Amino acid sequence: MATESRDYTEATETDRELTMSRAMVEAIAWEMRENEEVFYMGEDVADYGGIFSSTTGLLDEFGRDRVMDVPISETAYLGAAVGAAQAGMRPIAELMFVDFFGVAMDQIYNNMAKNTYMSGGSFSVPMVLTTAVGGTYNDAGQHSQTLYGTFAHLPGMKVVVPSTAYDAKGLMHSAIRDDDPVVYMFHKRLMGLGWMPSPSGPKTGVPKDDYTIPFGEADVKRPGDDVTVVTLGLHVHRAMEAAEQLDDDGIDAEVIDLRTLVPLDTETVLDSVRKTGKLLVVDEDYQSFGVTGEIIARAAEGALDDLSAVKRLAIPDVPIPYARSLEDEVNPGTDDIAAAVRELHE
Amino acid sequence: MVSVTDLQTMYEQMVTARHYEERLVDEYLVGKQPAFDISAGPIPGELHLAAGHEASGAGVCMHLRDDDTVTAPHRPHHIAIAKGVDLKRMTAEIFGRKTGLCRGKGGHMHLFDPDVNFACSGIIAQGCPPAVGAAMAAKKRNTDSVAVAFLGEGAIDQGGFLESLNLAAVHDLPVVFVVEDNDWAISMPKDRVTDVQNGAQRAAGFDLPGVRIDSDDATAVYEAAGEAVMRARDGNGPTLIEVQVHRRMGHFMGDAEAYRPEADIDRAKQRDSIERLAEDLRSHGVTDDELDEIRERAHERVEEAISWAKEQPEPDPEEAYENVFTNPPAQAATDGGSAADASGDADETGGDN
Ligand SMILES: Cc1ncc(C[n+]2csc(CCOP(=O)(O)OP(=O)(O)O)c2C)c(N)n1
Ligand SMILES: [Mg+2]
């Protein structure tokens with residue numbers, strides 16, 4: 001292990017620009033070099049390098065024993081990751097699309113998430129479950145969900161959602177070193193894949209050295225006085241774009257990237273809401289019983305007197321449809337965010 | 001024995017399916033060149049083409065009626081064509097159009113056609129349990145319908161498949177499992193993920209018959225499937241069949257197949273089940289002119305379906321809120337959800353985002 005990790009707050013000018021996928025892989029490779037107990041398993045993670053380039057180059061450096069292609073048996077290999085973690089190793093297991101959680105939910109929910117608690121703390125499960133999330137490329141209802149709320153809802157797992165290369169690397173170092181199970185949800189649209197163009201935001205400067213980003217620290221991406229916009233993942237970039245548009249009209253939006261859902265940085269949200277009095281929460285998950293409701297509830301509990309208006313944008317409780325016109329309708333866009341902020345500002 | 005007419009019908013299904021996939025390559029690449037962008041062009045999203053799998057769909061579905069159920073995986077076109085799914089509406093669905101089989105909600109991995117009892121799942125092996133359910137319904141209702149679940153060899157390690165084998169066996173259900181072994185599960189060769197030589201061996205552990213067909217010979221598939229379907233129809237329970245097929249294209253469009261040895265790609269292309277069947281037909285006295293005629297008819301049908309699909313309207317955005325429920329609740333859970341009136345029709349006012 002690296003003796004001491006620096007807690008960077010920002011990339012410096014000397015850093016290289018990396019895609020989110022490169023940054024994520026760099027952290028994994030670093031940890032694998034430092035710690036023999038770290039290994040990676042999943043479908044198509046060896047020769048293919050991960051369908052979404054989550055493991056590019058790892059096979060060449062570490063070989064098949066540590067970068068393992070596994071059968072299409074998610075229950076078996078995710079459960080095996082739990083067992084290996086309980087035996088003291090630090091497995092990283094990839095669920096190719098988060099939508100496939102259904103076939104292995106028992107291992108995730110009843111073993112990975114609960115064994116620490118149910119053993120009265122006598123076991124820990126220091127594993128990382130990496131998984132690709134999100135839509136916007138017309139892959140329909142079984143391949144486009146984020147399911148942020150589903151995972152954050154179940155106690156016992158830490159849930160991480162990077163939106164930039166810088167965060168992807170620091171959060172991955174933290175995830176692998178954490179003694180608890182961490183669900184690391186990377187958005188396909190942000191990975192910088194040649195075949196699925198990313199917006200410009202996620203590609204950032206990334207330090208060569210290792211560094212950790214502590215869980216539970218939201219990032220204020222853009223300070224503003226008028227309206228608070230709380231979001232995560234892809235929608236951080238949509239919100240930033242909307243904030244630029246709004247700025248031209250003299251509306252000053254503050255954009256907060258949650259970065260981790262469990263633990264959740266309630267304080268940063270409350271501080272912002274106390275200042276602006278207006279809260280918009282934007283999420284790419286289903287609307288009901290999810291992230292938007294949770295953030296609004298915490299704002300109401302902690303800063304009710306300061307709140308004058310609240311709104312949320314999310315997938316309106318329909319499965320994600322295939323056709324472009326339909327998916328565009330249900331996935332909140334930049335214009336939807338700008339319009340919602342305007343409404344709140346009135 | 002398979003009749004020459006049946007061989008000709010299979011040949012027509014197979015050339016239709018092959019030409020369909022080849023034409024979809026062209027259509028899919030529109031708007032995606034020179035830089036490949038999965039979300040661009042008239043057919044966005046993933047596209048898994050089945051060139052090289054045709055013998056399995058055709059040989060099995062020859063024995064099926066409209067009231068028999070078929071479930072297919074993420075690579076479904078050749079099976080859908082052989083099962084008699086409406087080609088025009090299927091194509092419109094792939095183009096994401098309003099008049100598509102699923103009104104643009106499903107796309108190519110999720111084709112549903114109740115007229116011929118055809119359904120898909122994009123989740124590996126998860127078409128198996130619903131096929132068992134269709135067989136269960138047939139048995140309870142004393143019909144002689146059967147169900148067939150198609151899956152890839154990569155799916156034989158999945159619980160959904162193994163549990164289905166057991167459930168079907170213990171209740172003697174009229175279901176046939178058809179594994180299409182194309183040697184690859186995306187980039188993973190079969191021997192990296194399982195120690196059995198062939199998927200049909202899985203049957204023994206559940207005490208049901210397992211049949212392996214070592215080549216993608218449509219006639220051999222026809223014969224094995226005929227026995228299995230008859231066994232199911234007669235109330236004698238399930239059968240597992242594995243057919244060796246070949247993946248002539250990448251796993252999905254855009255897959256450069258860097259992981260796959262050149263020789264394997266060449267081998268897959270050389271073993272052409274369609275050419276083999278053409279040879280068989282010639283040996284039965286069918287002339288080249290007759291074969292040409294079949295091919296032309298198939299090509300025309302495909303062209304017609306594609307042009308029809310491309311003329312179809314796109315869904316209106318408000319349609320996104322319809323069909324969540326068959327009986328939509330009067331008060332939807334969210335502002336954006338569909339509210340329904342008393343007659344149960346979906347409200348088209350749509351959401352606020
Ligand atoms: C439960 C689940 N895990 C993983 C995937 C991703 N996936 C889609 S196709 C595929 C390979 C399937 O291989 P096989 O069953 O042999 O079918 P083929 O593609 O070769 O026709 C995988 C892993 C999935 N759709 N569902
Ligand atoms: Mg296969």
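**Backbone notes: cis peptide bonds and positive phi**

Asp44(A) lies in the loop of chain A that runs between strand E2 (38-42) and helix H2 (58-62), where helices (H or I, at least four residues) and strands (E, at least two) are DSSP runs numbered from the N terminus. This is a predicted model, in which local features need pLDDT of at least 70 and side-chain atom pairs count only at pLDDT 80 or more, while totals for chains, interfaces and linings use all residues; side-chain values use heavy atoms, with hydrogens and water left out. Residues are numbered from 1 along each chain as its sequence is written, and chains are lettered from A and ligands numbered from 1 in the order in which they are written.

- Asp44(A), a residue other than glycine, has a positive phi near 60 degrees, and at 1% relative accessibility it counts as buried (under 20% relative accessible area, with exposed meaning over 50% and partly exposed in between, for a 1.4 Å probe and protein chains only).
- Ala140(A), although not a glycine, has a positive phi of about 70 degrees, and its place is the loop of chain A between strand E5 (128-133) and helix H6 (148-153).
- Ala140(A) is buried, its relative accessible area being 1%.

**Cis peptide bonds**

- In chain A, Val262(A) and Pro263(A) are joined by a cis peptide bond with omega about 0 degrees, and Pro263(A) sits in the loop between strand E12 (260-262) and helix H9 (266-276).
- In chain B, a cis peptide bond with omega about 5 degrees links Gln33(B) to Pro34(B), and Pro34(B) is found in the loop between helix H1 (4-29) and helix H2 (54-61).
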